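User: I'd like to learn how to read a model like this one, feature by feature. Can you walk me through it, starting with the surface?

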Amino acid sequence: MRSRELLLAGLILAGAGVRAQPVPAQPAASAIDAEAVWAAEKAVQADPLWAGKEKKQVLRFKKSKDEDKAVKKEASSDFGWWVDLIKNLSAGLRLAFWLVGAALLIWVLLRLRDWLQGHEGGRALKATPPTHVGSLDIRPESLPDDIGAAARALWQRGEQRAALSLLYRGALSRLVHTHGVPIRAASTERESLVLAAPRMSPGALDYLSRLVSGWQAVAYAQRLLPADRFEALCADFDARMAAGASAADGASVAGVVAADGSAA
């Protein structure tokens, strides 16, 4: 390469010297000079000391697409995990807020339901009490003024089932209309006792349990009730059902309720 540069520099200087002499222009000589330059260049290239160009073929493994992706991912991994961390934290916080909000909404709805059942539901029940429990008419106007005396008269005529039915009907009517017990039209004897327990005194609840037991023995088991037991039910009706407004003193309802779940 250096010899080629020296040759070209010498030719340029020689051309400059020729132009400085007052020699007539010869177009053919200029063409001969150009051919001489190319011939000299070829001679230089043919010189064994001239390095020239060399081509080499080298075998290399071709990178797959997965390797390229891995390289790019590694290059961007320095900051990528920060972005992933922020995204994960944001998703977790959103999920936590949603869960807390849902739990709070459920709690509010449950509290509202309890409040409605304790206030609005109670007033609605008092406004529209049931007229019948099962097939038994519990309207106050359908009952005699002295329920105990009327039941005793039926008993003396041999109508034991009618006598016990009148006592039980009267007890249900007092529970619903006097003491506000939330008995429903489809409530069974056992359910009526359970509903009455929080609003009745222990003595009144014990009387009601004995009355339900006597009513079930005559109505469902077709058994005769002893006369003294029936007389006690008639004599205690007004006193026990009128004095049953106070709440129970914590006595176990399961121990007092001896009746089965038969429907009224």
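User: What does the accessible surface of the protein come to, and how much of it belongs to carbon and sulfur atoms?

Analyst: Accessible areas come from the Shrake-Rupley method with a 1.4 Å probe, and for residues only the protein chains shown count as cover. Here the accessible surface is about 18600 Å², with 61% of it belonging to carbon and sulfur atoms. Keep in mind that this is a predicted model: local features need pLDDT of at least 70 and side-chain atom pairs count only at pLDDT 80 or more, while totals for chains, interfaces and linings use all residues. Residues are numbered from 1 along each chain as its sequence is written, and side-chain values use heavy atoms, with hydrogens and water left out.

User: Which residues make a nonpolar patch on that surface?

Analyst: Patch members have over 30% relative accessible area and no salt bridge; like charges are joined within 9 Å, and nonpolar side chains (Val, Leu, Ile, Met, Phe, Trp, Tyr) within 5 Å. In this model Leu105, Leu109, Leu112, Trp115 and Leu116 make a nonpolar patch of about 490 Å². Leu116 sits in helix H3, residues 65–118, and is partly exposed at 37% relative accessibility.

User: How many helices and strands are there?

Analyst: Both are DSSP runs numbered from the N terminus: helices are H or I with at least four residues, strands are E with at least two. The count is 10 helices and 2 strands, in the order α-α-α-α-β-β-α-α-α-α-α-α along the sequence.

User: What span should H8 have, and how far apart are its end C-alpha atoms?

Analyst: You take 1.5 Å times one less than the number of residues. For the 18 residues of H8 that gives 26 Å, and the end C-alpha atoms are 26 Å apart, so the two agree.

User: Is H8 mostly covered or mostly exposed?

Analyst: Buried means under 20% relative accessible area, exposed over 50%, and partly exposed in between (1.4 Å probe, protein chains only). H8 is mostly covered, with 13 of its 18 residues buried. Across the protein's 264 residues, the buried share is 24%.

User: Which residues have the most contacts inside the largest nonpolar core?

Analyst: Such a core is a set of buried Ala, Val, Leu, Ile, Met, Phe, Trp, Tyr and Cys residues joined through side-chain atoms within 4.5 Å. The largest has 38 residues, and Leu164, Leu167, Leu172, Leu175 and Phe230 have the most contacts inside it. Helices H5, H6, H7, H8 and H9 each give two or more residues to this core.

User: What does Leu172 touch, leaving aside its neighbours within four places in sequence?

Analyst: Contact means heavy atoms within 4.5 Å. By that test Leu172 is in contact with Val133, Leu136, Ile138, Ile183 and Ser192. For the protein, 73% of the contacts with a separation of 6 or more are between residues 24 or more positions apart.

User: How many salt bridges does a search of the whole structure find?

Analyst: The test is a side-chain nitrogen of Lys or Arg within 4 Å of a carboxyl oxygen of Asp or Glu. The search finds 5. One of them pairs Glu231 with Arg152, with the closest N and O atoms 3.1 Å apart. Glu231 lies in helix H9 and Arg152 in helix H5, so this pair ties together parts 79 residues apart in sequence. Glu231 is partly exposed at 35% relative accessibility, and Arg152 is partly exposed at 25%.

User: Where does Asp238 lie, and where does Arg174?

Analyst: These two form a salt bridge as well, Asp238 to Arg174, with the closest N and O atoms 3.6 Å apart. Asp238 is in helix H9 and Arg174 in helix H6, so the pair links parts 64 residues apart in sequence.
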